[in-house]
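Here is a friendly walk through one protein chain, written for someone who likes to look at residues one by one. Please keep the viewer open as you read.

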Amino acid sequence: MTTKQIEIRSLYTIKELEEVRRLESKIWGESDSIPTHQTITAVKNGGLVLGAYCGDQLIAFQYSFPGFNGQSVYLCSHILGTDKHFRNNGIGEKLKLAQRNEALKLGYSLITWTYDPLESINGYLNIGKLGGVVSTYLPNCYGEMEDLLNSGLPSDRFLVEWHIRHEKSADTIGNAFEQDFVLTNSLLQWDVNDKGQPFVLPFTLKDLHKDAIQFVPVPKNYRTIRETDIELAGDWRMRTRDAFSKLFNQGWQVSGFKKISNPKIQVNFYILTKN
């Protein structure tokens with residue numbers, strides 16, 4: 001399957017939104033999915049629900065509603081989910097780009113959302129590919145969550161700001177970093193446990209620090225760590241919470257994400273610059 005076989009369209013009817021509700025329950029394993037009366041009300045009042053279809057089958061969706069901070073209106077991107085049988089096919093990116101286009105038609109210039117900063121696949125999409133920025137860390141944002149994807153750990157989140165009138169098609173910061181970056185012996189020997197999972201190392205790595213840039217590592221496969229070693233997963237959670245919170249308080253901003261292709265290095269890197 002390719003993304004060319006996927007059709008993205010805005011959803012408006014009760015029948016379509018009931019499909020979305022059922023898919024949400026399937027993905028997160030919850031009975032209390034977002035009720036249709038809420039999503040249809042949002043759609044009629046500046047919100048947005050997008051569906052990704054493979055033929056007649058709904059395989060992914062995205063739901064947004066209007067937000068207001070006392071000064072400006074923006075689009076709050078609340079939830080995006082893909083059926084597990086169709087993941088890793090670029091559908092999330094396609095949904096986000098469609099969201100951007102529809103939001104511009106509705107007059108928005110900013111879209112915000114939250115995500116777990118330890119999920120590298122989301123960091124790469126949200127920061128590296130879409131060009132979102134982050135300067136706010138939300139500890140245990142949603143409290144204790146018991147769904148299939150979040151149970152067992154604090155629900156810490158990044159708050160992403162996506163300024164959609166300034167289109168960014170590639171991670172220019174990450175690409176510049178790659179040109180200058182030399183994998184040192186210390187990185188090539190990044191410590192892992194007997195399952196090949198990365199331990200948490202000090203975040204201020206001498207070889208990866210420049211005056212205008214900071215780097216914070218995150219695991220390539222945090223979900224696997226969480227499923228197999230909850231203590232290590234908790235260590236990553238608390239150590240990165242501390243690092244990001246301190247850096248944001250000092251005026252740093254996440255503005256890039258670098259995927260490390262070397263299989264010996266089981267971490268990727270957020271790139272932070274000064275606001």
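Which residue just after H8 takes a positive phi? Gly251 does, with a phi of about 95°.

Before going further, a word on the source. This is a predicted model, in which local features need pLDDT of at least 70 and side-chain atom pairs count only at pLDDT 80 or more, while totals for chains, interfaces and linings use all residues. Residues are numbered from 1 along each chain as its sequence is written, and side-chain values use heavy atoms, with hydrogens and water left out.

**The chain as a whole**

The chain holds 8 helices and 10 strands; these are DSSP runs numbered from the N terminus, helices being H or I with at least four residues and strands E with at least two. Of its 275 residues, 50% are buried. Here buried means under 20% relative accessible area, exposed means over 50%, and partly exposed lies in between, using a 1.4 Å probe and protein chains only. The accessible surface of the chain is about 13,800 Å², and carbon and sulfur atoms account for 50% of it; areas come from the Shrake-Rupley method with a 1.4 Å probe, and for residues only the protein chains shown count as cover. Taking contacts (heavy atoms within 4.5 Å) between residues at least 6 apart in sequence, 67% join residues at least 24 apart.

**The cores and helix H8**

In soluble globular proteins, nonpolar side chains tend to be buried together. The largest nonpolar core in this chain has 51 residues, and Phe158, Trp236, Phe244, Val254, Tyr270 and Leu272 touch the most other members. Such a core is a set of buried Ala, Val, Leu, Ile, Met, Phe, Trp, Tyr and Cys residues joined through side-chain atoms within 4.5 Å. Helix H8 (residues 230-249) gives the largest share of this core, 6 residues. Apart from this core lies another, of 16 residues, with Leu23, Ile34, Val49 and Leu58 among them.

The buried residues of H8 include Trp236, Arg237, Arg241, Phe244 and Phe248. Their cover includes the strands E6 (133-138), E7 (157-163) and E8 (213-219), helix H7 (222-228), and also E9 and E10. The end C-alpha atoms of H8 are 28 Å apart, which agrees with the 28 Å that its 20 residues should span at 1.5 Å a residue; the expected span is 1.5 Å times one less than the number of residues.

**Strands E9 and E10**

Strand E9 (residues 252-258) is largely enclosed by the rest of the structure, because 7 of its 7 residues are buried. E9 runs antiparallel to strand E10 (residues 267-274), and 6 bridges join them; strands pair if DSSP finds at least two bridges between them. Within E10, Tyr270 stands opposite Phe257. Leu272 has contacts beyond four places in sequence that include Phe244, Leu247, Phe248, Trp252 and Val254.

**Aromatic pairs**

The whole structure contains 13 aromatic pairs. Rings of Phe, Tyr and Trp (its six-membered ring) pair if their centres lie within 6.5 Å; planes under 30 degrees apart count as stacked, over 60 as edge-to-face and the rest as tilted. Two edge-to-face pairs are set out here.

| Pair | Centre to centre | Angle between planes |
|---|---|---|
| Tyr115 and Phe158 | 5.8 Å | 90° |
| Phe257 and Tyr270 | 4.9 Å | 80° |

Tyr115 lies in strand E5 and Phe158 in strand E7, so their pair ties together parts that are 43 residues apart in sequence. Both Tyr115 and Phe158 are buried. Phe257 counts as buried at 2% relative accessibility, as does Tyr270 at 0%. These four residues belong to one aromatic cluster that also takes in Tyr124, Tyr137, Phe244 and Phe248.

Gln99 sits in helix H3 (residues 91-105) and is buried, with a relative accessible area of 0%. Beyond four places in sequence, Gln99 touches residues including Leu48, Gln62, Ser77 and Trp162.

Glu119 is in the loop between strand E5 (110-115) and helix H4 (120-129), and is buried at 8% relative accessible area. Glu119 and Tyr222 are 103 residues apart in sequence, yet 6.0 Å apart in space, C-alpha to C-alpha.

Asn88, in the loop between strand E4 (73-82) and H3, has a positive phi of about 65° although it is not a glycine. Asn88 is exposed, with a relative accessible area of 68%.
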